[in-house]
Amino acid sequence: MAPISVTLARPDPPTAIVALVGEHDAYSSQRLENELTVLLEDSQRIVVDLRDASFIDSTTLSVLLGARHHAEKSSLGFALVLSGQTYTQVHQILDLTGLGPAFAIFGTLEDAFAGVSSGRTTGRPSKAA
């Protein structure tokens with residue numbers, strides 16, 4: 001099974017890093033969904049690090065989209081980290097599906113932390129309350 005690493009990184013605001021390594025498809029998507037659900041139910045902001053993911057399929061993308069939607073409804077931040085240096089299959093599936101703008105995407109963990117701390121969940125800035 002492809003590795004999924006969960007790290008509770010920042011206590012204030014509560015933020016978790018979920019790192020995906022290698023290939024992720026329907027086989028690993030249920031575990032990913034379980035991990036994300038537990039974190040969101042615990043009111044964790046989430047940064048999904050995809051820099052070491054070589055492949056994600058539509059099932060995995062659907063899990064990420066569902067978690068982003070849950071985070072948005074709960075006023076929690078949700079962001080993806082993708083390398084800006086290399087165009088990967090992960091970039092390609094986001095481009096092909098047109099779902100890139102549905103996510104807040106950053107090139108570094110530091111930028112992603114700043115984004116989720118402000119409640120970002122999409123490529124558009126959050127609306128003021």
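Q: Which are the buried residues of helix 1?
A: Buried means under 20% relative accessible area, exposed over 50% and partly exposed in between, with a 1.4 Å probe and protein chains only, while helices (H or I, at least four residues) and strands (E, at least two) are DSSP runs numbered from the N terminus. In helix 1 the buried residues are Ser 28, Ser 29, Leu 32, Leu 36, Leu 39 and Leu 40. This is a predicted model, in which local features need pLDDT of at least 70 and side-chain atom pairs count only at pLDDT 80 or more, whereas totals for chains, interfaces and linings use all residues. Residues are numbered from 1 along each chain as its sequence is written, and side-chain values use heavy atoms, with hydrogens and water left out.

Q: Where do the buried residues of helix 1 fall, seen down its axis?
A: The arc is that of the directions from the helix axis to the C-beta atoms. For helix 1 the buried residues fall within an arc of 110°, so they line one face of the helix, and the face turned away from this buried side carries the exposed residues Tyr 27, Val 38 and Glu 41.

Q: What span should helix 1 have?
A: The expected span of a helix is 1.5 Å times one less than its number of residues. The 16 residues of helix 1 should therefore span 22 Å, which agrees with the 23 Å between its end C-alpha atoms. After helix 1 comes Ser 43, whose phi is positive, near 60°.

Q: Which residues have the most contacts inside the largest nonpolar core?
A: A nonpolar core is a set of buried Ala, Val, Leu, Ile, Met, Phe, Trp, Tyr and Cys residues joined through side-chain atoms within 4.5 Å. The largest one here has 27 residues, and those with the most contacts inside it are Val 18, Leu 36, Val 48, Leu 50, Leu 64 and Phe 78. At least two residues of this core come from each of strand 2 (14-24), helix 1 (26-41), strand 3 (45-56), helix 2 (58-73), strand 4 (78-81) and helix 3 (89-97). Apart from it lies another core, of 10 residues, including Leu 109 and Val 116.

Q: Which residues of helix 4 are buried?
A: In helix 4 (residues 109-117), the buried residues are Leu 109, Ala 112, Phe 113, Gly 115 and Val 116. They cover an arc of only 165° around the axis, which puts them on the same side of helix 4. Gly 119, whose phi is positive, near 90°, follows helix 4.
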